[in-house]
Amino acid sequence: MDVEAKDEEAIVTPGQQLGETSTHAAGQGVYELNGCIFSSVVGVREIKQPKEGAKAVISVLQEKSPSVVPETGDIVTGRVTRVNSRLASVKIVTVGSHLVREPFTGTIRKHDVRQFDVDAVEIYKSFRPGDVVRAQVISLGDTRSYYLTTAKNEFGVILAQSATGHTLVPISWQQMQDERGLTEYRKVAQVDPAK
């Protein structure tokens, strides 16, 4: 398969027409519209000539892979940054198994902490700043953050340190203990090591 040489003029932007479907096939980073092929991303144009008689394939290669953006239903991991009586703010670090490049903020509201006895939830007994949590995106929230939930058993705090700086390990669904035997309240995630 032959590849056309890349040059400075081969850098393209979204919406730029790259060819026609009568003579070329669409590859990655492009789309077809009304018989024409357009770039859908910023990158370098590449034209590959496949086997004899087949159409040349036009693609746009990006310098870096596209960033992951949280969507409703995604499972995220993040670090609690702030806690007040109504909610916990979370800096999202991963979406699924992918690290995020840009910072995203999530909010766990008081009524999204657990499924039962919602009125009795105390955010301070569920999360503390610095805790690492596993949660699910339930909506895109407002302009500043995603709304997250830890209401299922597999969601909640997965890593925490005590007020004295010691690592905490889960001892129940609502308590963690450090190596000295001191306990602290958390909404603990039931992590299945097989997953």
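Partly exposed means a relative accessible area between the buried range, under 20%, and the exposed range, over 50%. Thr23 has a relative accessible area of 46%, so Thr23 is partly exposed. The model described here is predicted.

Where does Thr23 lie? Thr23 sits in the loop between strand E3 (17-20) and strand E4 (24-26). Leaving out residues up to four places away in sequence, Thr23 touches Lys55 and Ala56. The side chain of Thr23 also makes a polar contact with the side chain of His24, at 2.8 Å. Gln174 is another matter: Thr23 and Gln174 are 151 residues apart in sequence and 64 Å apart in space, C-alpha to C-alpha.

## The cores

Begin with a general point. In soluble globular proteins, nonpolar side chains tend to be buried together.

In this model, the largest nonpolar core has 24 residues. Those with the most contacts inside this core are Val76, Val80, Ile92, Ile108, Phe127, Val133 and Leu148. Which elements give two or more residues to the core? They are strand E9 (75-83), strand E10 (87-95), strand E11 (98-109), strand E12 (132-139), strand E13 (146-149) and E14. The largest share, 4 residues, comes from E10.

A second core is separate and has 9 residues. Val12, Leu18, Ala56 and Ile58 are among them. Ala56 is also one of the residues that Thr23 touches.

## Around Phe127

What does Phe127 touch, not counting residues up to four places away in sequence? Its contacts include Val80, Val83, Ala88, Ile108, Val113, Val133 and Val157. Thr150, Arg186 and Lys187 are on the list too. Val80, Ile108 and Val133 are also named with Phe127 among the residues with the most contacts inside the largest core.

## Arg186, a buried charge

Is Arg186 buried or exposed? The relative accessible area is 2%, so Arg186 is buried. The cut-off for buried is under 20%. Arg186 lies in the segment after strand E17 (183-185).

The side chain of Arg186 has polar partners. One is the backbone oxygen of Gln161, reached at 3.3 Å. Another is the side chain of Glu184, joined to Arg186 by a polar contact of 2.9 Å. Glu184 and Arg186 also form a salt bridge, with the closest N and O atoms 2.9 Å apart.

## Salt bridges

Side chains of opposite charge can pair when their charged atoms come close. How many salt bridges does the model have? The count comes to 7.

Arg128 forms one of them with Glu184, the closest N and O atoms being 3.6 Å apart. This pair links distant parts of the chain. Arg128 is in the loop between E11 and E12, Glu184 is in strand E17, and the two are 56 residues apart. Arg128 is partly exposed, with a relative accessible area of 32%. Glu184 is buried, at 13%. Salt bridges that share partners join Arg128, Asp131, Glu184 and Arg186 into one network.

Another salt bridge pairs the side chains of Glu46 and Lys48, at 3.8 Å from N to O. Glu46 has a relative accessible area of 9%, so Glu46 is buried. Lys48 is at 29% and counts as partly exposed.

## A nonpolar patch on the surface

Which residues form a nonpolar patch on the surface? Ile158, Leu159 and Val191 do. Together they have about 250 Å² of accessible area.

Leu159 lies in strand E14 (residues 156-161). Leu159 itself is partly exposed, because the relative accessible area is 45%. Neighbours within four places in sequence aside, Leu159 is in contact with Asp131 and Val132. Asp131 also belongs to the salt-bridge network. Leu159 and Arg134 are 25 residues apart in sequence and 9.4 Å apart in space, C-alpha to C-alpha.

Notes: Residues numbered from 1 in each chain as written. Predicted model: local features only at pLDDT ≥ 70, side-chain atom pairs only at ≥ 80, totals over all residues. Heavy atoms only, no water. Patch = residues over 30% accessible without salt bridge, like charges linked within 9 Å, V, L, I, M, F, W, Y side chains within 5 Å. Areas by Shrake-Rupley, 256 points an atom, 1.4 Å probe, with all protein chains shown as cover. Salt bridge = Lys/Arg side-chain N within 4 Å of Asp/Glu carboxyl O. Core = buried A, V, L, I, M, F, W, Y, C linked by side-chain atoms within 4.5 Å. Buried < 20%, exposed > 50% of the residue type's maximum accessible area, 1.4 Å probe, protein only. Contact = heavy atoms within 4.5 Å. Polar contact = N/O pair within 3.5 Å; in protein donor to acceptor, adjacent residues only side chain to side chain.
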